[in-house]
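Please open the model in your viewer and keep the sequence panel beside it. The tour below moves from one selection to the next.

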Amino acid sequence: MLTKMRDEPNGIFPAVCSLDCPDQCGLLLHKEAGKIVKIEGDPNHPVTQGAICNKVRNMTARIYDDKRLQYPMKRVGPKGEGSRFERITWEEAIETITSRWKQLITGEGAESILPYSFYGNMGRIGTEGMDRRFFNRMGASRLLYSICESAGTEGYKYTMGGSFGTDPEDTVHAKLIIMWGINAVSTNMHQVMLAEKARKNGAQIIVIDAHKNQTGRWADWFIPILPGTDTALALGIMHILFDENLVDEAFMQQYTAGHEELREHVRQYDPSVVSTITGVPARDLYRLARLYGQTSPSFIRIGNGIQHHDNGGMCVRTIACLPALTGQWLHKGGGAIKGNGSYLEHNIPALQRPDLREKEARQINMNLLGSALLELDPPIHSLYVYNSNPALVAPHANKVREGLQREDLFTVVHDLFLTETAKYADIVLPATSSFENTDFYRSYWHQYVHLQLPVMAPYGESKANVDVFRLLAAEMGYEDEALRDTDEALIRQALNHPGNPALNNISYEILLEKQFIKADVKLLFPGELKTPSGKIELYSHEMESKGFPPLPTYKPLVDEGDLPFLFIPAPNHNFLNSTFAHNEKHTRMEKTPKLHMNEVDASALGLVSGDVVRVWNDRGECELVVAAGSDVLPGVVVSQGLWADLPGNKALVNALTPDRVADMGGGATFFSGRVRVEKREVN
Ligand SMILES: Nc1nc2c(c(=O)[nH]1)N[C@H]1C(S)=C(S)[C@@H](COP(=O)(O)OP(=O)(O)OC[C@H]3O[C@@H](n4cnc5c(=O)[nH]c(N)nc54)[C@H](O)[C@@H]3O)O[C@H]1N2
Ligand SMILES: Nc1nc2c(c(=O)[nH]1)N[C@H]1C(S)=C(S)[C@@H](COP(=O)(O)OP(=O)(O)OC[C@H]3O[C@@H](n4cnc5c(=O)[nH]c(N)nc54)[C@H](O)[C@@H]3O)O[C@H]1N2
Ligand code: SF4
Ligand SMILES: [Mo]
C-alpha cells in the first residue's frame, strides 16, 4: 500500500526520477527502518509503466555511498590534484562565502561572480528557482545554459516554433520509426518500449547513427552515417520525396511556409552527391526516402547526438522539416520529437524573478568556461558550482582545469560527492539528493508533471540548493520576500501560469493528491504554431535576418586539419553524464572505458581489441582500450561515458573535445573534434 506520510520509517513512497533523462520515471521507494532499501518503477505511471533503468534501480548504492559528502569543508591543501579538505560548520561556510562575495561586490562588482550549474537534478525550484532569484538580486554574471541541447532546440524552433512534437504515448501507432542520432536503448528506454509495441503492430524501426551501439543492434535497419553529415542526408530524402511526388501537397499548402522554395532548393541535393557526403549508398538513400514517403504514420525521434556538432542547429532544423513534407503531423503517432519541453512550460519569470536584477549583466557561455576563467576581462573572481561537474563534463577540460587552478579564483562547489570540480573548490558544501527534497518536475519528453516530497531525512548535514540560497541571501543582507519564499510557495508561483493553458489542470493540491498528472496539452494541428508565420517554416525569414541560410542547407564540420579520426565521446549506459561515475557499483557494471574503431583502421595501426591506446590532439590526451570491429565506419572513433578521475583511470575524454561553439544556441561541439590514436608505450 502506498503511504503518504513520508516521515514514517517504513512503507512504500511515491517519487520521481530527478535525473536529466527524458523519461522522467515514476518511482516507488521502499523504506525500512528509515532507510530506502529498494527502488522500483511505479506500475501506475502511464508512460513509464513500472520499468526503470538499471542505474536508478541501483541508486541506493549512490545515496548511501560511503564517499557521500556529509558536512561543509574548506580546502587546506593545494587546488586540484592532491587537494585536502577539513570539516567546518555551516555557519563558517556561509560566513566565509558571503564575506568574500561582499568584498568582491564592493571592489570588483557583482559581475566578477559567476554561477555555474546544470541539471544534475531536474527539480525546477532547486535548479532554476531560488538560485536564479539569488544571483539576479546579486547582479552576478549570467550563464548561458548551452552544454546540452541548445543548438538543436534553436534549430527545431526555427522550423516548429518551439519544443513541440509528438506525444510519445501516441507513437505506438506509428508504422515507421526513425531513431536519428539517439542512443535510445540507453538514453530514452521508454521510447524503445513504445517502439516495441508499435513493432508488434507491424512498425519498422530504423536507426541512423555514427555508431552501431545497443540501439543500432536493436533496429530492423541500421544506417551508418559519417558524423556531421545528417543535414545532407535529410536534404537527399527531400530531393527524392519531391522528385517522386511522395509529398503531401495539401498539408504543405495549408500548414507550411516556403515549400515551393524548398522544392527548388533541394534539386541540388542529388542522391549521388548526398551519398558521397554521407557515406550512405544511393540505393539505401532511395530505399529510406521511399519508405518514409510511403509509410504513415511515421515518427522521427531526433537525438542529441546530431546536434553536438559545429552544424548541429541546422541539422535539427532540417530533419524537423521532414514530417511536414509528408503531412505526418495529422496522423496520430506521426511527426517528430526533438524535445517536448515547451508544452509544459511553467511560469518562468514568476519562478526566476528577472525583475530582481537591477541592471543587465554579461552572459557567459558555459561551453567556454575555460577561456572565461583564463581570459575574460574584467575577470571572474568567484565561481559557484552546483548541479554540475564542469571539470569532467565541459569541453576542453584541460583549459577548464587550468582556469579552476587559478589561486585567486574563489570557488564554491555544492554537490553530493567530492567531484573533480570540487577538488578545486575553496569551500565544498554537501547537497541533499532529490529524495530528500521538495520540488516539482516536468518531463521534456512525455507530458506529465510530478511532485516530489522528501522521503528521507537529509544525509548528514547536507542541504538542498534552495535552502543554501536562502541562507546565503540572509547573510548577504538581501531582504527581498522572494528570497524567503517556501518551497511550496515557489512551486505554486511556477505552476500559476495563465500564459500556458496546458497547465490549467495542474495545481499543488492536485499534485499532492496524485503525485503526477498529465498536462492538458492540445494537439498541434490543426492550429497555429509559434513561428512568425504561424506555420511550419521550411523557409525562415527569421533565420535569414540572423544571417543563416533561410532554407535547410548542409555545411560541413569545421576542418580541424589532417588528424586521422573524428572522435565521438558519447554518453554510456550505466552513468548519467558524470553522475554514477564515482559509484563503484555503476563503474563495475560499465567495466572499462573503450574506444570503438573500425577493424581496418585498427589493423593499419597494428592494434587489436584490448590494446590500450593513447588518443590525443593539441588540446590533450586520454587512454582508452581498443574495441575493434565493424560498429563504426573507418575514420571514426567512438568512446562511451564520462569516466571519473579515479586511480589508474586516464579516460578524461573531454581533454580532447573542442570548445568551439555550434552554429546555433551557443551549443557544444563535443562530437566534432579530431584525434590521433596510437598504441600506448609500455614503460
Ligand atoms: N544512460 C544514459 N542516459 C542518458 C544520459 C547518459 O549519460 N547516460 N545523458 C542524458 C542527457 S543529459 C542527454 S542530453 C541525453 C543524450 O542522449 P542522446 O539523445 O541519445 O544523445 P547522445 O547519446 O549524445 O548521442 C546519440 C547518438 O548520436 C550518435 N552520433 C554522434 N554524432 C552523430 C552524427 O553526426 N550523426 C548521427 N546520425 N549520429 C551521431 C552517437 O553515436 C550516439 O549513439 O541522454 C540522457 N540520458
Ligand atoms: N564528452 C562529452 N561531454 C559531455 C556530453 C557528451 O555527450 N560527451 N554531454 C553533455 C551534456 S548533454 C550534458 S547535459 C552535460 C551534463 O553535465 P552535468 O550537468 O555536469 O551532469 P553530471 O555530470 O551528471 O553532474 C551533475 C552533478 O550534479 C550533482 N547534483 C545532483 N543533484 C544535485 C542537487 O540537488 N544539488 C546539487 N548542488 N548538486 C546536485 C551530481 O552529484 C553531479 O556531480 O555534460 C555534457 N558533457
Ligand atoms: S534515468 Fe531515466 S530511465 Fe532511469 S529511472 Fe531515471 S528517468 Fe527513468
Ligand atoms: Mo544533456
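Is Arg-492 buried, partly exposed or exposed? With a relative accessible area of 33%, Arg-492 is partly exposed, where buried means under 20% relative accessible area, exposed over 50% and partly exposed in between (1.4 Å probe, protein chains only).

This is a predicted model, in which local features need pLDDT of at least 70 and side-chain atom pairs count only at pLDDT 80 or more, whereas totals for chains, interfaces and linings use all residues. Residues are numbered from 1 along each chain as its sequence is written, chains are lettered from A and ligands numbered from 1 in the order in which they are written, and side-chain values use heavy atoms, with hydrogens and water left out.

Next, select Glu-488, which forms a salt bridge with Arg-492, the closest N and O atoms being 3.0 Å apart; a salt bridge here is a side-chain nitrogen of Lys or Arg within 4 Å of a carboxyl oxygen of Asp or Glu. The two residues are four apart in helix H22 (residues 487-495), and so about one helical turn separates them.

Then select Arg-142 and Glu-360, whose side chains meet in a salt bridge (2.9 Å, N to O). This pair links distant parts of the chain, 218 residues apart, with Arg-142 in strand E7 (residues 142-144) and Glu-360 in the loop between helix H17 (348-352) and strand E14 (363-365). Glu-360 is exposed at 58%, while Arg-142 is partly exposed at 26%.

Finally, select Lys-38 and Glu-40, which form a salt bridge at 3.9 Å, N to O; Lys-38 is partly exposed at 42%, as is Glu-40 at 22%.
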